[in-house]
Amino acid sequence: MAKRARRHPDLILLQMADTEGFGFTYLSAEDFEYTADHFMLPAMKYAKADMSDAEQRRELAYDFLWRYFSKPDAKGYYRENVRWIVAAAAREKFAAEVEAGKMPRVIVIARKAGEAGGIVIRDGHEYLEHPGYPLALIVGKPQNGGGAAQFFASKAAFEKVGSSLPSQETWLPQIIYRLYAQTPSVVMGLPKPGKKGEMGVECMALAFGERAKLVERKIE
């Protein structure tokens with residue numbers, strides 16, 4: 001069976017530091033286009049740029065992405081408009097892939113390694129390989145567009161954080177570590193109050209159409 005044409009990513013991972021950033025979800029091509037346009041249309045109008053000029057669109061999207069990397073705590077940046085900016089930048093970077101229906105399912109945006117610096121926008125193919133532990137944990141759920149993310153370069157790095165005491169800032173790794181012995185490469189979680197006022201967590205593992213295991217941990 002031929003694969004269905006893909007014109008949007010399921011997930012864009014914005015890695016601001018080695019272990020911190022965002023994971024933004026897009027549920028359809030329409031959602032992705034709408035999100036990218038939510039930034040691009042007013043930004044191009046304000047800059048008096050030509051929306052039909054691919055080079056001008058690309059320069060503007062990359063410029064705002066670089067501004068965010070330079071000063072992520074600057075006034076005016078919040079989760080939703082950063083989601084718009086990364087969607088616009090990813091759409092310009094993978095314009096040919098969007099047109100051909102071959103958009104990567106996962107896109108990674110991060111600083112380039114080395115002294116030269118810069119930003120790379122790339123196919124996050126490693127997130128489809130599912131090593132058995134989470135490469136990224138995201139506080140949020142797909143229907144809400146994602147949220148803050150933590151990244152883990154190795155199983156040992158995840159286990160170190162997961163086995164530590166939770167805090168107000170870091171609690172999802174500890175919950176996932178306690179609940180699951182094996183997971184797909186991305187797991188999302190969101191606090192969910194119970195009927196009697198108790199607090200739980202609603203979890204969702206993302207497999208991106210590939211084979212992956214979610215194995216509950218045996219509690220002795």
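**Helices, strands and charged pairs**

Trainee: What is the relative accessible area of E33, which counts as partly exposed?
Mentor: Buried stands for under 20% relative accessible area, exposed for over 50%, and partly exposed for what lies in between (1.4 Å probe, protein chains only). E33 is partly exposed because its relative accessible area is 28%.

Trainee: Before we go on, what is left out of the side-chain values?
Mentor: This is a predicted model, in which local features need pLDDT of at least 70 and side-chain atom pairs count only at pLDDT 80 or more, while totals for chains, interfaces and linings use all residues. Residues are numbered from 1 along each chain as its sequence is written, and side-chain values use heavy atoms, leaving out hydrogens and water.

Trainee: Which residue meets E33 in a salt bridge?
Mentor: A salt bridge is a side-chain nitrogen of Lys or Arg within 4 Å of a carboxyl oxygen of Asp or Glu. For E33 the N to O distance is 2.7 Å, and the partner is R91.

Trainee: How many residues apart in sequence are the parts that R91 and E33 tie together?
Mentor: Helices here are DSSP runs (H or I, at least four residues), strands likewise (E, at least two), and both are numbered from the N terminus. The side chains of R91 and E33 meet in a salt bridge. R91 lies in helix α3 and E33 in helix α1, so the parts they tie together are apart in sequence by 58 residues.

Trainee: Is R91 buried or exposed?
Mentor: R91 touches F32, E33, A36, D37, M40 and M51, not counting residues up to four places away in sequence; contact means heavy atoms within 4.5 Å. With a relative accessible area of 9%, R91 is buried.

Trainee: Which side chain makes a polar contact with that of E92?
Mentor: E92 lies in helix α3 and is buried, with a relative accessible area of 5%. A polar contact is a pair of N or O atoms within 3.5 Å; within protein, one must be able to donate a hydrogen and the other to accept it, and residues adjacent in sequence count only if both atoms are side-chain atoms. At 3.2 Å, the partner of E92 is R57.

Trainee: How far apart are the end C-alpha atoms of helix α2?
Mentor: The expected span of a helix is 1.5 Å times one less than its number of residues. The 17 residues of α2 (residues 54-70) should therefore span 24 Å, and the separation of its end C-alpha atoms agrees: 24 Å.

Trainee: Which residues do salt bridges with shared partners join into one network?
Mentor: The side chains of E80 and R83 meet in a salt bridge of 3.3 Å, N to O. Being three residues apart in helix α3, E80 and R83 are separated by about one helical turn. The network holds D31, R79, E80 and R83.

Trainee: Turning to strands, which residue stands opposite L137 in β8?
Mentor: Two strands pair if DSSP finds at least two bridges between them. β5 and β6 (residues 146-151) pair in the antiparallel sense over three bridges, while β5 and β8 (residues 186-193) run parallel, joined by four bridges. In β8, L137 stands opposite V187.
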